[in-house]
Amino acid sequence: MNERERALFDRDGWWDPNCRAFASLRELSRFRLDLLRQWLPGGLRGQRVLDLGCGGGLLAVPLAEQGATVLGVDVSTEALRAAHGRSVVGFQAVAGDFAALPVAEGRADLVLLADVLEHVAAPAAAVAAAARALRPGGHLFVNTIHRTVRSWLFAIVLGEGLGLIPRGTHRWAQFVTPAELEAAAVAAGLRLVHTVGEAPALWPTVRRWTVVPRPSRSLAVGYAALYRRVG
């Protein structure tokens with residue numbers, strides 16, 4: 001993440017319902033929490049979760065409220081301050097990055113890389129770091145954006161141009177194709193379990209002027225994937 005992108009996330013208002021800067025991200029987080037509940041039917045109570053790039057804790061905090069033990073890691077100080085402010089039992093947030101994760105290898109049951117890969121210089125290295133943190137049989141949950149003309153149109157031209165997402169949030173060249181993600185996952189010893197597209201639900205998005213996602217068979221815009229560590 002460069003300094004320009006860090007400044008976009010390093011601000012207050014993560015949990016403020018009146019803050020427009022994070023309104024779409026809050027909706028996307030609700031969608032992804034539903035995916036986790038569907039894809040991990042055994043539940044998350046008692047699970048050790050590592051949320052890499054946790055931001056203000058929009059995923060980490062609800063997972064802790066469901067009984068997981070969650071460690072959030074991020075480089076943005078203001079985002080971590082917002083995460084700390086939730087004061088939820090089972091949740092802790094610390095400063096760190098992929099180069100030196102503050103956890104022992106092979107301990108996590110679930111690692112999250114949500115809205116992270118499209119903001120880092122080396123997505124494959126981030127996937128490898130996440131995989132090393134997983135125990136054998138543990139899961140990696142990823143959300144990112146496909147590098148297509150459609151994603152450029154929806155995420156940048158319309159999303160940022162119309163103010164649904166803060167301007168400058170994304171750079172199209174850093175979007176990650178499903179093939180690139182799969183290659184990184186296989187190299188890290190991961191096997192694909194589930195995948196689904198994330199597309200904007202047109203009328204709810206227009207009515208609320210916030211990106212409201214829906215599941216899609218197409219991966220041409222955003223997509224989510226669940227991987228399992230082999231071995």
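**Entry 1**

I began with R147, which at 26% relative accessibility counts as partly exposed (buried is under 20% relative accessible area, exposed over 50%, partly exposed in between, with a 1.4 Å probe and protein chains only). Before going on, I noted that this is a predicted model, where local features need pLDDT of at least 70, side-chain atom pairs count only at pLDDT 80 or more, and totals for chains, interfaces and linings use all residues. I also noted that residues are numbered from 1 along each chain as its sequence is written, and that side-chain values use heavy atoms, leaving out hydrogens and water.

Which residue does R147 meet in a salt bridge? I found E180, with N to O at 2.7 Å; a salt bridge here is a side-chain nitrogen of Lys or Arg within 4 Å of a carboxyl oxygen of Asp or Glu. E180 is partly exposed too, at 38% relative accessible area. E180 sits in helix α7 (residues 178-187) and R147 in the loop between β5 (134-145) and α6, so their pairing ties together parts 33 residues apart in sequence. For these labels, helices (H or I, at least four residues) and strands (E, at least two) are DSSP runs, numbered from the N terminus.

By the salt-bridge rule, the count comes to 10.

I looked at helix α2 (residues 23-39) next, where R30 and E27 are three residues apart, which means about one helical turn separates them. Their closest N and O atoms are 2.7 Å apart, in a salt bridge. Is E27 buried or exposed? E27 is buried, at 9% relative accessibility, while R30 is partly exposed with 44%.

R32 pairs with D115 in another salt bridge, with 2.4 Å between the closest N and O atoms. R32 lies in helix α2 and D115 in the loop between β4 (108-114) and α5 (123-133), so this pair ties together parts 83 residues apart in sequence. R32 is buried at 3% relative accessible area, and D115 is partly exposed at 21%.

**Entry 1: E198 and its surroundings**

I found E198 in strand β6 (residues 190-200), where it is buried at 6% relative accessibility. The E198 side chain makes a polar contact with the side chain of N143 at 2.7 Å; such a contact is a pair of N or O atoms within 3.5 Å, where within protein one must be able to donate a hydrogen and the other to accept it, and residues adjacent in sequence count only if both atoms are side-chain atoms. Leaving out residues up to four places away in sequence, E198 touches several residues, including L28, F31, R32 and Y223 (contact means heavy atoms within 4.5 Å).

**Entry 2: helix α5**

Which residues of α5 are buried? I listed A126, V127, A129, A130, A131 and A133. Their cover includes β1 (48-52), β4, β5, α7, β6 and β8 (222-229).

**Entry 3: a nonpolar patch**

Last, I turned to the surface, where a nonpolar patch has about 1200 Å² of accessible area together, with W152, F154, W172 and W209 among its residues. The elements giving two or more residues to this patch are α6 (149-160) and α8 (202-208). The largest share, six residues, comes from α6. W209 lies in the loop between α8 and β7 (213-216) and is partly exposed at 39% relative accessibility.

Methods. Patch = residues over 30% accessible without salt bridge, like charges linked within 9 Å, V, L, I, M, F, W, Y side chains within 5 Å. Areas by Shrake-Rupley, 256 points an atom, 1.4 Å probe, with all protein chains shown as cover.
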